[in-house]
Amino acid sequence: MILSAEHLNKSFGGSVVLTDITAKIEDNDRIGLVGVNGAGKSTLLKIFTGRELPDDGELALSRQVSVGFLEQNSGLEGENTLWEEMLRVFEGTLAMEKELRALEREMAALDTERERERYEELSHRYARLDEQFDKADGYLVEVRIRTILNGMGFGDKPPETIISTLSGGEKTRLALAKLLLEQPQLLILDEPTNHLDFKTLTWLEEYLASYKGALLIVSHDRYFLDKLVTTVWDLERGKLVSYKGNYTKYQALKKERLARLQKEYEIQQQEIASMEDFVARNLVRASTTKRAQSRIAALERMERLEKPGGELKSAHLRFEYDREPVKDVLSTRDLALGVGSGTEHKILASHIDLLVERGDKVAVIGANGVGKSTFLKTVLRLIPQEEGGFTWGKNVKTAYYEQEIKNLHPELTALEEVWHRYPAMTENRVRSILGGVLLTGENVYKKVGVLSGGEKAKLNFALLMLQRGNVLVLDEPTNHLDLASKEELEEALMEFTGTIVMVSHDRYMLNRVPSRIVEFHEDGVTQYKGNYDDYLAQKEKQQQEQPPAPKPVKQEESSARRAYRNRRQKSEENRLKQELKQLESTIASYEETAAALEEEIALPEVCGDYKLMAEKCAQLDETKGLLARAYDDWAALSEELGT
């Protein structure tokens with residue numbers, strides 16, 4: 001067992017956050033922690049990692065267990081380069097390597113005939129240290145760093161990039177990359193999928209699926225949870241309930257549990273009412289007094305079931321419109337997308353030809369920076385187009401959800417924001433609309449500028465419903481939403497009979513809502529019929545049908561490795577006799593194989609393929625083992641021959 005929590009309680013200023021939390025984490029557990037915004041998930045993680053103390057209860061962490069914690073939106077800072085920061089993980093291993101190189105230089109400088117005793121002493125010391133270095137995967141430090149940096153989307157960043165020059169999202173990704181290199185026995189991640197594109201998400205899922213340690217993950221990415229977790233902890237109304245299975249299984253089990261608890265509660269209430277009625281009718285009658293007293297005793301002994309809280313309220317969304325548009329809703333012709341001006345001007349994508357018809361539900365996906373949001377703003381005429389053209393059909397009325405939610409006025413209250421746009425509405429009507437998205441009570445009088453991200457999103461959806469557009473144009477609509485609100489939005493979009501054009505990284509939503517996936521590239525678009533899983537299947541089929549890529553050309557060996565091997569070979573040639581030439585040949589062969597593998601691993605096409613990278617690393621590990629045994633044989637022969 002890694003961690004055990006017993007009867008933890010936590011309150012802030014009289015507000016109860018956690019109540020009687022009991023849980024444990026075993027080796028290799030895969031746990032997803034879910035709950036609405038403000039349920040106390042981050043507080044529980046901070047208690048587990050010692051950043052917060054519980055009011056009472058017991059928390060036990062096994063000795064010698066290493067814990068890694070990625071807080072939400074907490075990135076690395078400093079003036080180190082990317083490479084320097086990653087090397088900090090391996091300070092102990094690199095110190096061993098430095099000592100090994102020093103021993104090699106000292107041994108090479110010795111006269112083995114006159115200083116044999118000193119040489120043997122250094123040889124034994126070298127062998128022990130080399131074994132420790134090998135067990136620490138010292139030979140794979142650079143390979144591991146390249147693998148993680150490439151996988152986490154830093155493949156195009158020079159290693160000498162200064163951390164302070166990175167964006168906030170990049171700093172958070174780099175913090176996660178460093179944690180993955182550290183390989184703690186318990187890895188705790190709070191919203192790790194923020195700021196990740198599809199390629200990086202897929203790589204991270206594959207990496208964590210084979211992670212040698214326990215995982216505790218807070219995430220609003222339901223697809224991510226489905227792929228990784230085998231247990232879901234549901235934190236609701238301060239209490240923690242554990243369910244076996246992934247996120248989809250948890251949803252079904254929770255519904256079953258709530259229905260069962262409600263049924264058990266109703267049965268007990270009926271039993272209590274029946275017993276109390278019997279007591280009321282029979283207590284004063286001499287012939288039935290004892291039986292009534294027996295019922296009273298039974299009622300006093302009975303363990304009363306708590307009334308189930310039921311499912312928490314979620315925002316109620318429904319999108320309607322007044323008239324149908326023509327069949328061809330939107331068509332683009334050789335459209336180009338650009339940003340910036342002057343020397344900062346840049347074309348993101350071009351040759352975009354797309355036809356959206358009435359009733360289509362189109363999801364636009366693609367790499368970060370390829371112009372997905374720019375496309376929406378361009379066709380909505382919020383920014384000028386570059387080249388080509390686009391046409392909206394007759395009777396089209398668009399309703400736009402902006403990712404950054406910059407269309408709101410920070411100085412207005414939530415109530416005033418709606419009134420500002422719809423001044424003819426009564427206050428009761430406005431409050432009713434806001435109540436539908438769970439903005440109630442005093443919250444409607446809060447300034448928009450102080451609302452949370454989730455509250456702003458809900459206010460934006462209230463305005464979106466009021467627009468009554470027959471074409472919904474949505475840019476990352478699930479950002480800032482908790483899981484319940486995401487599911488409510490999906491249901492509303494699935495029931496919507498109009499047209500949808502949306503940009504989203506939410507793969508769970510992409511599996512439920514769209515009927516077509518449009519992938520943007522720099523030089524055009526590729527369209528796929530169906531949902532996200534259909535898109536993946538079609539992409540895989542296309543890759544299988546393509547001819548195999550040519551084998552990578554072997555790169556020239558690095559000067560550092562070449563110099564190191566020359567030193568080793570020169571030292572060996574000075575010390576070895578004729579009888580050891582065959583073993584020298586074997587050693588040279590293993591070294592050449594290892595060098596070739598390391599060069600292949602450094603290739604971008606290998607670094608970007610996690611499965612191929614794992615295969616190459618396994619081959620390299622095996623070769624290093626053979627090489628180590630060959631060195632041991634050489635040392636034994638040298639001692640036996642007295643050289």
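Let's start with helix H15. In H15, the buried residues are Leu-483, Ser-485, Lys-486, Glu-488, Leu-489, Glu-490, Ala-492 and Leu-493. Buried here means under 20% relative accessible area, exposed means over 50%, and partly exposed is in between, with a 1.4 Å probe and protein chains only. Helices (H or I, at least four residues) and strands (E, at least two) are DSSP runs, numbered from the N terminus.

A word on the source. This is a predicted model, where local features need pLDDT of at least 70, side-chain atom pairs count only at pLDDT 80 or more, and totals for chains, interfaces and linings use all residues. Residues are numbered from 1 along each chain as its sequence is written, and side-chain values use heavy atoms, with hydrogens and water left out.

Back to H15. Does its length agree or disagree with what we expect at 1.5 Å a residue? The 13 residues of H15 should span 18 Å, and the end C-alpha atoms are 19 Å apart, which agrees. The expected span is 1.5 Å times one less than the number of residues.

Next, strand S16, residues 499-503. Five of its five residues are buried, so this strand is mostly covered. Which way do the side chains point? Thr-499, Val-501 and Val-503 point one way, Ile-500 and Met-502 the other, and all are buried.

S16 has neighbours. Two strands pair if DSSP finds at least two bridges between them. Strand S15, residues 471-475, pairs with S16 in the parallel sense over five bridges. There, Val-471 has Thr-499 as its bridge partner. Strand S12, residues 361-366, also runs parallel to S16, joined by four bridges. Lys-361 of that strand partners Ile-500.

On to charges. Side chains of opposite charge can pair when their charged atoms come close. Our cut-off for a salt bridge is a side-chain nitrogen of Lys or Arg within 4 Å of a carboxyl oxygen of Asp or Glu. How many salt bridges does the structure hold? The total is 37.

One of them takes us back to H15. Arg-222 and Glu-490 meet at 2.3 Å, N to O. Arg-222 is in helix H8, residues 222-228, and Glu-490 is in H15, residues 483-495, so the pair ties together parts 268 residues apart in sequence. Both Arg-222 and Glu-490 are buried. Shared partners extend this into one network: Arg-222, Lys-486, Glu-490, Glu-491, Asp-506 and Arg-512.

Now helix H3, residues 91-109. Glu-104 and Arg-101 form a salt bridge at 2.8 Å, N to O. They are three residues apart in H3, about one helical turn.

Arg-125 bridges to Glu-99, with the closest N and O atoms 2.9 Å apart. Arg-125 lies in H4, residues 116-135, and Glu-99 in H3, so the pair links parts 26 residues apart in sequence. Arg-125 is partly exposed, at 36% relative accessible area. Glu-99 is partly exposed too, at 32%.

Last topic: aromatics. Rings of Phe, Tyr and Trp (its six-membered ring) pair if their centres lie within 6.5 Å; planes under 30 degrees apart are stacked, over 60 edge-to-face, and the rest tilted. The whole structure gives 14 aromatic pairs. Take Tyr-243 and Tyr-250: centres 5.3 Å apart, planes at 70 degrees, so edge-to-face. Both are buried.

Then Tyr-532 and Tyr-535. Their centres are 5.6 Å apart and their planes at 40 degrees, so this pair is tilted. Both lie in helix H17, residues 532-545, three residues apart, about one turn. Tyr-532 is buried at 3%, and Tyr-535 is buried at 7%.

Finally, charges over rings. The test is NZ of Lys or CZ of Arg within 6 Å of the ring centre and within 35 degrees of the ring normal. Arg-173 sits over the face of Phe-154, at 4.7 Å from the ring centre. Arg-295 sits over Phe-278, at 4.2 Å.
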